[in-house]
Amino acid sequence: MSHAAYVFDAYGTLFDVHAAVRRHAEEIGPDGQSFSELWRAKQLEYSWVRSLMGSYQDFWQLTEQALDYAFARFPSADPKLRKRLLDAYWTLDCYPEVPAVLKGLKERGARIAILSNGSPAMLASAVRNAALDIVIDDVFSVDAVKAFKTAPAVYDLVTTSYRLYPHAVSFQSSNRWDIAGATKFGFRTVWINRADMPDEYRDHGPALILPSLESLQFGI
């Protein structure tokens, strides 16, 4: 085992952020994919802007605001679906390989944790719904420092709690900007490039690029 802890981003890495809209795709209509992509984009944009302004609101509030913006941009989507979409976000599907990967790493003696922008309540619900609470040791939320990724204080939540040097932590995220921030902090980083996107932030590149988490169960 080359790393003492394997730490995972939650949304887009362990949990499918588009699952909520997909569950109601027929009711939302032909703009469903664009609607979901905009919801996610605005959710992240609001986190970055609020971090820069020093005006923190928790991730659930930003998720609600981003959804309202998506409804405003896509009049074809019925606003009556708002509550159902928000409810679905509390029980997002995890990606198929996730349970086996986390179990395999834990059996090899590593600590398993989540480090996420999500609020504590959101993360607790997602972890419990996916039955990952039996393999995840700790869930770190940015709410503890009132700042979002890629603030160094966020990544420091892990090293301070575990009393580890950054290089002892393997950090996995599907978000390339998150990988850049974690690399700059000193983590060993693995970019889970599920959508086969082009690379960016070349000066803060990952140690590995994988199409899914599957290979991690072998302890790479």
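**Entry 1**

I began with β1 and β2, which run parallel and are joined by 4 bridges. Strands here are DSSP runs of type E with at least two residues, helices are runs of H or I with at least four, and both are numbered from the N terminus. Two strands count as paired if DSSP finds at least two bridges between them.

I note for all entries that the model is predicted, that local features need pLDDT of at least 70 and side-chain atom pairs pLDDT 80 or more, while totals for chains, interfaces and linings use all residues. Residues are numbered from 1 along each chain as its sequence is written, and side-chain values use heavy atoms, with hydrogens and water left out.

A5 has R111 of β2 as its bridge partner. On β4, I found V7 opposite F171; β1 and β4 also run parallel, joined by 4 bridges.

Are the residues on the two faces of β1 buried or exposed? I found A5 and V7 on one side and Y6 and F8 on the other, all of them buried, so that both faces are covered. Buried means under 20% relative accessible area, exposed means over 50%, and partly exposed lies in between, with a 1.4 Å probe and protein chains only.

**Entry 1. The whole sheet**

I traced an open sheet of 6 strands with parallel pairing, in the order β3-β2-β1-β4-β5-β6. Why is one side of β3 and of β6 left without a neighbour in the sheet? These two strands stand at the edges, and each has a single partner strand. From one strand to the next, I recorded an average twist of 25°.

I next looked for helices on the sheet. Helix α7 (residues 120-129) packs on it, touching β2 and β3, and its direction makes about 145° with that of β3. Helix α8 also packs on the sheet, touching β1, β2, β3 and β4, with a direction at about 150° to that of β2. Such angles run from 0 to 180 degrees between N-to-C directions, on axes fitted to C-alpha atoms, for helices over the stretch in contact.

**Entry 2. Helix α8**

Which residues of α8 (residues 152-162) are buried? I listed V154, Y155, L157, V158, T159 and Y162. They pack against β1, β2, β3, β4 and α9 (176-185), where contact means heavy atoms within 4.5 Å. An α-helix has 3.6 residues a turn, so residues three or four places apart point the same way.

Most residues other than glycine have a negative phi, and most peptide bonds are trans. I looked for departures from this.

- R163 is not a glycine, yet has a positive phi of about 55°; R163 lies in the loop between α8 and β4. R163 counts as exposed because its relative accessibility is 78%.
- D196, in the loop between β5 and β6, has a positive phi near 55°. At 67% relative accessibility, D196 counts as exposed.
- K149 and T150 are joined by a cis peptide bond, with omega about 20°. I placed T150 in the loop between β3 and α8.

**Entry 3. Pocket and cavities**

Rolling a probe the size of a water molecule over the atoms shows where empty space is left. On a 1 Å grid over the protein atoms alone, a cavity is a set of points where a 1.4 Å probe fits but cannot get out; a pocket is an open set with protein on both sides within 12 Å along at least five of seven lines; lining residues have an atom within 4 Å of a point. Grid points are joined across faces, edges and corners, and a volume is the space filled by probe spheres set on the points.

I recorded about 760 Å³ for the largest pocket. Its lining has 26 residues, and H18, R40, N175, A195 and M197 lie nearest its centre. The elements giving two or more residues to this lining are α1 (19-23), α3 (32-53), α9 and β5 (188-192). Helix α3 gives the most, with 8 residues.

I counted 2 cavities of 30 Å³ or more. The largest cavity has a volume of about 50 Å³, and its lining includes R40, K149 and N175. The second largest cavity holds about 30 Å³ and is lined by V17, S36, W39, R40, Q43 and Y89. Here α3 supplies the largest share of the lining, 4 residues.
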